[in-house]
2 protein chains.
Amino acid sequence: MVIDTTEVIGLIAATLTTGAFFPQVYKTWKTKNVDGLSLSMYAFFFVGIVLWLVYGILIESIAVILANVITAILAFILLFFKIKYRR
Amino acid sequence: MVIDTTEVIGLIAATLTTGAFFPQVYKTWKTKNVDGLSLSMYAFFFVGIVLWLVYGILIESIAVILANVITAILAFILLFFKIKYRR
């Protein structure tokens, strides 16, 4: 497999969009403040990410599978926090 | 272009993960409550989405370009709200 510039950009993009959820999970875990988080957003987002995972399995893309497994876990944690800590 | 089941799953996934940000933008616009939103998340996420957009342009994928243009706009609005309304 040749890694060209385009694929490097894709990998950096995937790392950033997946990694972005770590500070949100950390912040929500520390503050337990979920008032500003949209339940609909995380519900739709989680289902969408699971479908991206299915898509990655179907096209046999390790990068798509890996990025979406991690994002699915982080989105699920945020969805769980939102439901657990909402007032 | 043949639209097969795999691509339909990808399109539904893209619609959900992009569409998910609409209820978050609406909620934040209505409540102006950004305490629970992570600035780091939206900063990293926005840069990541812009790179996905560049990737979509490089691989000439209309679906990737379209989904990421919309998500970039929504992520930028949330980043703007977070900076504008933070206390």
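Is A:T6 buried or exposed? A:T6 is buried, with a relative accessible area of 17%, where buried means under 20%, exposed over 50% and partly exposed in between, with a 1.4 Å probe and protein chains only. Before going on, some housekeeping: this is a predicted model, in which local features need pLDDT of at least 70 and side-chain atom pairs count only at pLDDT 80 or more, while totals for chains, interfaces and linings use all residues. Residues are numbered from 1 along each chain as its sequence is written, chains are lettered from A and ligands numbered from 1 in the order in which they are written, and side-chain values use heavy atoms, with hydrogens and water left out.

Back to A:T6, which sits in helix α1 of chain A; helices here are DSSP runs of H or I with at least four residues, numbered from the N terminus. Setting aside residues up to four places away in sequence, A:T6 touches B:Y55, B:L58 and B:I59, contact being heavy atoms within 4.5 Å.

Over in chain B, have a look at B:L53 in helix α3. Leaving out neighbours within four places in sequence, B:L53 is in contact with B:I65, B:N68 and B:V69. B:S40 is 13 residues from B:L53 in sequence, and their C-alpha atoms are 20 Å apart.

Now for the empty space. Rolling a probe the size of a water molecule over the atoms shows where such space is left. A pocket is an open set of points on a 1 Å grid over the protein atoms alone, where a 1.4 Å probe fits, with protein on both sides within 12 Å along at least five of seven lines; its lining residues have an atom within 4 Å of a point. The largest pocket holds about 1200 Å³, the volume being the space filled by probe spheres set on the points. Its lining takes in 42 residues, with A:W52, A:Y55, A:V64, B:W52 and B:V64 nearest the centre. By type, the lining splits into 28 nonpolar, 12 polar and two charged residues.

Take α4 of chain A next. Its 24 residues should span 34 Å at 1.5 Å a residue, and the end C-alpha atoms are 34 Å apart, which agrees. Among its buried residues are A:A67, A:N68, A:L78, A:F81 and A:Y85. The cover over the buried residues includes α1, α2 (21-31) and α3 of chain A, plus α2 (21-31) of chain B.

Side chains of opposite charge can pair when their charged atoms come close. There are two salt bridges over all chains, each a side-chain nitrogen of Lys or Arg within 4 Å of a carboxyl oxygen of Asp or Glu. One joins A:R87 and A:D35 at 2.1 Å, N to O. A:R87 lies in the segment after α4 of chain A and A:D35 in the loop between α2 and α3 of chain A, so the pair ties together parts 52 residues apart in sequence. A:R87 is exposed at 83%, while A:D35 is partly exposed at 28%. In chain B, B:R87 and B:D35 form a salt bridge, with their closest N and O atoms 2.1 Å apart.

Finally, two loop residues. A:K32 has a positive phi of about 55° although it is not a glycine, and lies in the loop between α2 and α3 of chain A. B:E60 also has a positive phi of about 55° without being a glycine; B:E60 is in the loop between α3 and α4 of chain B.

Methods
Nonpolar A, V, L, I, M, F, W, Y, C, P; charged D, E, K, R; others polar. Expected span 1.5 Å × (residues − 1).
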